[in-house]
Amino acid sequence: MEVLINTNLDTINWKDISELFQLVNWGTRDPKDIEKAFKKSAVTCFIKDKDVIVGFGRTVDDGQYYALLVDVVVHPKYQSKGIGTQIVNALKNRLKGYNFITLTAAPNKEGFYEKIGWKKQTSAYIFPKDDKQFKEHCES
């Protein structure tokens with residue numbers, strides 16, 4: 001497996017990335033919108049098996065104090081092989097010195113992050129965009 005940090009994003013096939021989002025049930029995302037989002041990200045990480053991207057993640061941050069890990073995705077056939085841990089650690093290691101490094105776990109993936117040392121916050125909040133997001137991410 002090859003780990004690519006801040007690779008040339010012009011070489012990425014964004015249609016493939018869109019398909020990976022669908023494979024993990026994160027809905028349909030337009031490849032052009034995904035490309036725009038990744039190009040605005042501070043750190044990007046892609047994991048390749050030969051020439052095929054099987055996982056990725058990125059950060060959104062202010063360059064100094066606050067960083068957020070987002071879009072940590074691993075192809076279902078490659079899950080439980082340490083790839084998600086590789087992505088999270090590669091991103092986290094690029095954020096040394098930040099006051100806050102946070103993430104929002106996908107529904108039912110909390111255990112993965114806890115297993116690799118992340119702690120649940122007591123005071124994190126979300127302004128849900130719709131009922132689905134409320135049901136998936138909010139306490140009753």
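**Packing, aromatic pairs and salt bridges in the predicted model**

Ile87 is located in helix α3, which spans residues 83-93; here helices (H or I, at least four residues) and strands (E, at least two) are DSSP runs numbered from the N terminus. The model is a predicted one, in which local features need pLDDT of at least 70 and side-chain atom pairs count only at pLDDT 80 or more, while totals for chains, interfaces and linings use all residues. Residues are numbered from 1 along each chain as its sequence is written, and side-chain values use heavy atoms, with hydrogens and water left out.

With a relative accessible area of 0%, Ile87 is buried (buried means under 20% relative accessible area, exposed over 50%, and partly exposed in between, with a 1.4 Å probe and protein chains only). Its C-alpha atom lies 6.6 Å from that of Phe56, although 31 residues separate Ile87 and Phe56 in sequence. Setting aside residues up to four places away in sequence, Ile87 touches Cys45, Ile47, Gly55, Phe56, Gly57, Val72, Val73 and Val74, where contact means heavy atoms within 4.5 Å.

Two further buried residues can be looked at in the same way. Leu69, in strand β4, is buried at 3% relative accessibility. Among the residues that Leu69 touches, beyond those up to four places away in sequence, are Arg58, Val88, Leu91, Ile101 and Trp118. Ser18 belongs to helix α1 (residues 14-23) and is buried, with a relative accessible area of 5%. Apart from neighbours within four places in sequence, Ser18 is in contact with Arg29, Pro31 and Ile34.

Next come the aromatic rings. The whole structure holds 11 aromatic pairs; rings of Phe, Tyr and Trp (its six-membered ring) pair if their centres lie within 6.5 Å, and planes under 30 degrees apart count as stacked, over 60 as edge-to-face and the rest as tilted. The pair of Phe46 and Phe56 is tilted, because the ring centres are 6.4 Å apart and the planes meet at 45°. This pair links distant parts of the chain, with Phe46 in strand β2 (residues 43-49) and Phe56 in strand β3 (residues 52-61), 10 residues apart. Phe46 is buried at 0% relative accessibility, and Phe56 is buried with a relative accessible area of 0%. Tyr66 and Phe100 form a stacked pair, at 5.5 Å centre to centre and 5° between the planes. Here too distant parts of the chain are linked: Tyr66 lies in strand β4 (residues 66-74) and Phe100 in strand β5 (residues 100-103), 34 residues apart.

Phe46 and Phe56 belong to one aromatic cluster with Trp14, Phe21, Trp26 and Phe38. Arginines lie over two of these rings. Arg29 is placed over the face of Phe21, at 4.0 Å from the ring centre, and the charged end of Arg58 sits over the ring of Phe38, 5.2 Å from its centre. A charge sits over a ring if NZ of Lys or CZ of Arg is within 6 Å of the ring centre and within 35 degrees of the ring normal.

A search of the whole structure finds six salt bridges, each defined as a side-chain nitrogen of Lys or Arg within 4 Å of a carboxyl oxygen of Asp or Glu. Arg29 forms one with Asp71, the closest N and O atoms being 3.2 Å apart. That pair links the loop between α1 and α2, where Arg29 lies, to strand β4, which holds Asp71, 42 residues apart. Asp71 also forms a salt bridge with Arg58, with closest N and O atoms 2.8 Å apart. Asp71 is in strand β4 and Arg58 in strand β3, so this pair ties together parts that are 13 residues apart in sequence. Both Asp71 and Arg58 are buried, whereas Arg29 is partly exposed at 28% relative accessibility.

Lys39 forms a salt bridge with Asp10, at 2.8 Å between the closest N and O atoms. Lys39 lies in helix α2 and Asp10 in the loop between β1 (2-5) and α1, so parts that are 29 residues apart in sequence are tied together. Asp10 is exposed at 57% relative accessibility, while Lys39 is partly exposed at 43%.
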